[in-house]
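Please read each point with the model in view.

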Amino acid sequence: MAATSWPSLRVSDWTATRDTLHMWTQIVGKIRMVHAPLVNHWWQVTLYVTPRGLATSAVPYRTGAFDIAFDFVGHRLEIRSSDGGVEGFPLRPMTVADFYAQVLRALDALGIEAPIRPRPNEVEPAIPFAEDHEHASYDGEAAALFWRQLLQANRVLGEFRAHFVGKVSPVHFFWGAMDLACTRFSGREAPAHPGGAPNCGDWVMVEGYSRELSSCGFWPGGGEEGAFYSYAYPAPEGFADHRVGPEGAHFSSELQQFLLPYEAVRSAPAPDRAVAEFLHTTYEAAAVLGDWDRRTLEDDPSRWDGTATPRWTPPRA
């Protein structure tokens, strides 16, 4: 397997699996959320890309901890407890209701309580997990290809994150919208977010967007094979019209963010370079137009190895 392979996965070929997996990740994410203390902008609720799938990382529980991992190589869900207990089950076509019941049984076998709000957020309709017999698909090959898309996105987003020394989020997977994200902050407060996400309290968005930010990531939508995205909150004047790259990047007036279709990246001569150009130029649209203190907030991750360059420089025209 090539470490930098960018796999092809058409959204239309795995929509049913994508939507089912979205609900499964919401269940697991909510279990982490109910046991982890609040971290600014809900950073305590996310999942992380692993060498085999997606996982919670260690979740505190009483005087110990546990974690939950989706293994998209071996196609299993596994729950491990710090007292040595391990429970799990195969990932296969099953309803959300069945998945939810199996997760609860596994947690119960480990002595772990999970009093979550048992219905999804940021989707419409929000079918309670125990009643969701509509979403029941699992194409293991598609799930593995999606994970490989996330591997590549996680790697390039991580490199982009390293250029910022101000407040910046981890590269993490938000199960609400099913996207891998990384967010930079200017250091200034933002106006209260108006909310409006389906089946999600406005107060959730107020916390998430309490500081001025530039956020980017990868989402399995917005293009034939998904898309990289970038937006600012609040968006400075002229943001939508700022020149960004590479070819194929554009501003979506519907979504109010820049998009770069994944298929444009995958087919580019240098995919990593294409994503990096998109991430840096769209961030600059927020930072330059929003008058961020870039000299304080940015630095070169190679600053100690003798090859440092002072700032990101876009490719020459």
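Predicted model: local features only at pLDDT ≥ 70, side-chain atom pairs only at ≥ 80, totals over all residues.

1. The strands concerned are β8 (residues 179-189) and β9 (residues 211-219), which pair in the antiparallel sense over 7 bridges.

2. These strands belong to an open sheet of 6 strands, arranged in the order β7-β8-β9-β10-β12-β11 with antiparallel pairing. At the edges stand β7 (172-174) and β11 (250-252); each has a single partner strand, so one side of each is left without a neighbour in the sheet. On average, neighbouring strands are turned by 35 degrees against each other, direction ignored.

3. Helix α3 (residues 140-161) packs on the sheet, where it touches β7, β8, β9 and β10 (227-233). The direction of α3 makes about 145 degrees with that of β9.

4. Helix α6 (residues 271-289) has 19 residues and spans 27 Å from its first C-alpha to its last, close to the 27 Å expected at 1.5 Å a residue. Because 15 of its 19 residues are buried, α6 is largely enclosed by the rest of the structure; buried here means under 20% relative accessible area. Just after α6, D291 takes a positive phi of about 60 degrees.

5. The largest pocket holds about 1,400 Å³ of space. It is lined by 45 residues, of which E122, A177, M205, Y209 and Y231 are the closest to its centre. The elements giving two or more residues to this lining are α1 (11-35), β8, α4 (202-208), β9 and β10.

Conventions:
Residues numbered from 1 in each chain as written. Heavy atoms only, no water. Pairing = 2+ DSSP bridges. Helix = DSSP H or I, 4+ residues; strand = E, 2+ residues; numbered from the N terminus. Axes fitted to C-alpha atoms, helices over the stretch in contact; angles between N-to-C directions. Contact = heavy atoms within 4.5 Å. Expected span 1.5 Å × (residues − 1). Buried < 20%, exposed > 50% of the residue type's maximum accessible area, 1.4 Å probe, protein only. 1 Å grid on protein atoms, 1.4 Å probe; cavity = no way out; pocket = protein on both sides within 12 Å on 5 of 7 lines; lining within 4 Å. Points joined across faces, edges and corners; volume = space filled by probe spheres on them.
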